[in-house]
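Here are a few exercises to work through with the model open beside you. Try each task before reading the solution under it.

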Amino acid sequence: MTDSNFEVRLIEALQPIRGFALAQGIYHLFLSGIFDRLVSGTSTLQDLEDSGAHRGRTAGFLRYLANEGLVLLQGDAVSLTSRGRELAEFRPWYELLIGGYAQTFQQITETLRGGSYASRDGAMVGIGSCGISRYDALPLVRRLLANMPMSATQLIDLGCGDGTFLADLARDYPGIHAIGIDPFAPLLSGSELLTFCRASAVDYVRSLDPEGPVAGRPRRLFLAAFLLQEILEQEGRADVVELVRNALRGDASLVVVEVDHRPADPSVMRHGLGLAYYNPYYLLHVLTEQRLETTRFWLDLFEEAGAMVVARQHVNPEVDSTGLLFGCVLKSR
Ligand SMILES: C[S@@+](CC[C@H](N)C(=O)[O-])C[C@H]1O[C@@H](n2cnc3c(N)ncnc32)[C@H](O)[C@@H]1O
């Protein structure tokens, strides 16, 4: 049954399991608040116990992370190694793929048999996605908007997640009324000028009155970052067309950010980020109630909705050089 090479092959075969446990460990290092305590300096097991942690279990968890080179555990003292500290920047990827979607990957077999979609943690998806957007989609949207005259009085983020994307962008336009729409939007408004509504984007846009007297009518700029892919599977193509058409009424603009669907393109899957991020990202879309489509599909859909693309750009290649993530500004034709 075994050969002289067995143990070497076993170690190799177990690396995905090591990665699985480590990804969960890193996510929980963040979620438990331990990372934030350690980032400001050395702590102790006693401090962690005083703040509510179970001492024995926490010591075991930290020992595991120490063996993986992320923390130092010397007696009672705990600190982050430089490798551990460097994880701070990448926290949102763990929030999205582990916090939001670990449960999804546990449902692969069940979901492949048909029936219902796999579930996800919607609130963590919003937190992780907006966190990643700070690196890719938000700078992209800022670049797109910098090239057009900005006269909007309302900035409406459809599928706003935890609202941080909207809050960051609204800071660029003092006095603008920022409105976030999402079933998982924050329950409390950020301020008088930053309000949230737990609603479906389709219903919200349908309910807006684009008419009324010109004076006093809000000039609207809509944002739909990674949202149309959700509506496409939930409601179907015709409703996405209607959403785009409705959003553009009354001389409004719509900024869309989407991901090109190219899971069978070797140039994508040979790319480091292709295997590390987009391969699992494409997979989770197959399992959950979302549908990715190609850039061509989206351009045809915008055309059908009576929209013209007034600007189109890709994410900064220093962050993501796959060329998959694109954004466009739409106006009514
Ligand atoms: C991938 S996240 C994108 C979050 C944020 N826009 C960003 O750029 O990171 C997609 C968001 O769309 C929301 N969403 C899903 N279906 C929706 C719907 N029908 N109406 C409004 N929001 C929806 C989800 O709850 C989630 O927060």
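Two strands count as paired if DSSP finds at least two bridges between them. Keep in mind that this is a predicted model.

**Exercise 1. Work out which strands pair with β7, and in what sense.**

Step 1: Start with β8. Five bridges join β7 to β8, and the two run parallel. Within this pairing, L223 sits opposite V255 of β8.

Step 2: Go on to β4, residues 154–158. Four bridges link β4 with β7, again in the parallel sense. Here D157 is the residue facing L223 of β7.

Step 3: Look at the side chains. In a regular strand they alternate between the two faces of the sheet. In β7, R220, F222 and A224 point one way, while L221, L223 and A225 point the other way.

**Exercise 2. Compare F226 and D251: which loop holds each residue, and is each one buried or partly exposed?**

Step 1: F226 is in the loop between β7 (220–225) and α14. D251 belongs to the loop between α15 (237–247) and β8 (253–259).

Step 2: Read the backbone angles. Most residues other than glycine have a negative phi. F226 is not a glycine, yet its phi is positive, about 60°. D251, also not a glycine, has a positive phi of about 65°.

Step 3: Count neighbours. F226 counts as buried because it has 22 C-beta neighbours inside 10 Å. D251 has 13 C-beta neighbours inside 10 Å, so it counts as partly exposed.

**Exercise 3. Find where T288 lies and what it touches.**

Step 1: T288 is in the loop between α17 (272–287) and α18 (295–304).

Step 2: T288 is buried because 20 other C-beta atoms lie within 10 Å.

Step 3: Leave out residues up to four places away in sequence, and T288 touches T104, Y117, A118 and R120. T104 is 184 residues away along the chain, but the C-alpha atoms of T288 and T104 are separated by 7.5 Å.

**Exercise 4. Describe the shell around the ligand: how many residues, and of what kinds?**

Step 1: The shell holds 24 residues, and the closest are S129, G159, G161, A201 and A225. The elements giving two or more residues to this shell are α10 (122–133) and α14 (228–235).

Step 2: α10 has the largest share, with six residues.

Step 3: Sort by type, and you get 14 nonpolar, eight polar and two charged residues.

Conventions. Residues numbered from 1 in each chain as written. Predicted model: local features only at pLDDT ≥ 70, side-chain atom pairs only at ≥ 80, totals over all residues. Near = placed C-beta within 6 Å. Nonpolar A, V, L, I, M, F, W, Y, C, P; charged D, E, K, R; others polar. Buried ≥ 20, exposed ≤ 12 C-beta atoms within 10 Å, placed from the backbone. Contact = placed C-beta atoms within 7 Å.
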